[in-house]
Amino acid sequence: MTVPNAKPLASLDEWEDDVKDRYPEPGVAAFKSTDPEKKKEQFRDYAKNARPSVREFYRLNHTYQTYDFAKGKRDDFLRRNRREMTVWEAAEYLNNLVDDSDPDTDLSQLEHLLQTSEQIRKDGQPRWFILAGFIHDLGKILCLYGEPQWAVVGDTFPTGCAYSDKIVFHEFFEGNPDSTDSRFRSRLGVYEEGCGLDKVQLSWGHDEYIYHIVKDRMPEEALYMLRYHSFYPAHREGEYDYLMSDHDRKMFDWVRAFNPYDLYTKSQAKPDAKALRPFYEDLINEYLPGKLKW
């Protein structure tokens, strides 16, 4: 099966804007990323109203994110032999993803990270929580290694078992070879009831990558936030509970606590990265000192 290196989205932010279309902040009108006249009832027919670029992104994601593909990417990238960088250097490196074609923002990736972490800081959350906000999207440097967008961002989901119909654009899994593989078609597939998410191979992307970069150094609550913040079928739709352990269910309270900071903190107001750098370098040195292997 030939895997394409396609780039349907104008920028990676387009996927996150799309998530806000589907999951507007409680009590707040849906995020209007394209059409200011879009009526509330139109959001209920998501597939009909989604942008063509987003549809194509999910077609590629759902077609090519197979069990073997995800395993292969883990085997490759978790050798962590691409670069050695401090966390701040990684954030600056991520700035290479700024896309001049994105009409909705001129903020750098570093400034986006700071918007998230600064709101967490403003709310008086623990220092490790602030750091989780700062680093949660650093795994997007996968794009700078030449990885296609659909293998970096997107709603993550389990591979190796049946696909929930609550996954966005579920119909595109018809093109995925795993959908006709007898090993993977059942509810449990290659897993056992209540096996725990650590034993489940999710689709590959930036969440899993950053989790493995820092997994030996951050508190467990932060690691759940990092690893599962794009697992919307679970923490927003309530799917795949049968694969979770009781501990997973408890820890997902932290994932849900993080989610609003991930989705709803972006604005056009630019944080002053130069002024904030001393605070964040001190925070980084507390948990993730020195150069890390990426």
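This is a predicted model: local features need pLDDT of at least 70, side-chain atom pairs count only at pLDDT 80 or more; totals for chains, interfaces and linings use all residues.
Residues are numbered from 1 along each chain as its sequence is written, and side-chain values rest on heavy atoms, with hydrogens and water left out.

The protein comprises twelve helices and two strands, where helices (H or I, at least four residues) and strands (E, at least two) are DSSP runs numbered from the N terminus. Read from the N terminus, the order of elements is α-α-α-α-β-α-α-α-α-α-α-α-α-β. Of the 294 residues, 55% count as buried; buried denotes under 20% relative accessible area, exposed over 50%, and partly exposed the range in between (1.4 Å probe, protein chains only).

Helix α3 (residues 52–64) has 13 residues and, at 1.5 Å a residue, should span 18 Å; its end C-alpha atoms lie 18 Å apart, in agreement with that value. The expected span is defined as 1.5 Å times one less than the number of residues. The buried residues of α3 are S53, V54, F57, Y58, L60, N61, H62, T63 and Y64.

Helices α7 and α11 have axes that come within 11 Å and cross at roughly 55 degrees. This angle makes α7 oblique to α11, given that angles under 35 degrees count as roughly parallel, over 145 as roughly antiparallel, 65 to 115 as roughly perpendicular and the rest as oblique. The axes are lines fitted to C-alpha atoms, for helices over the stretch in contact, with angles from 0 to 180 degrees between N-to-C directions. The crossing of α7 past α11 is right-handed; a crossing is so termed if the near helix is turned clockwise from the far one by less than a right angle, and left-handed if anticlockwise.

The structure contains 30 aromatic pairs. Rings of Phe, Tyr and Trp (its six-membered ring) pair if their centres lie within 6.5 Å, and planes under 30 degrees apart count as stacked, over 60 as edge-to-face and the rest as tilted. The ring centres of F129 and W254 are 6.4 Å apart with planes at 70 degrees, so this pair is edge-to-face. The pair links distant parts of the chain, with F129 in helix α7 (residues 127–135) and W254 in helix α11 (residues 246–264), 125 residues apart. F129 is buried at a relative accessible area of 1%, whereas W254 is partly exposed at 30%. The rings of F279 and Y280, with centres 4.9 Å apart and planes at 85 degrees, also form an edge-to-face pair, and both residues are buried. One aromatic cluster is formed by Y224, Y228, F231, Y240, Y242 and F252.

The charged end of R121 sits over the ring of F279, 3.6 Å from its centre, and that of R187 over the ring of Y242, 4.0 Å from its centre. The criterion requires NZ of Lys or CZ of Arg within 6 Å of the ring centre and within 35 degrees of the ring normal.

Most residues other than glycine have a negative phi. Y240, a member of the aromatic cluster, has a positive phi near 65 degrees. Y240 lies in the loop between α10 (232–235) and α11 and is buried, with a relative accessible area of 3%. For R80, phi is likewise positive, near 55 degrees. R80 occupies the loop between α4 (67–77) and β1 (84–85) and is partly exposed at 24% relative accessibility.
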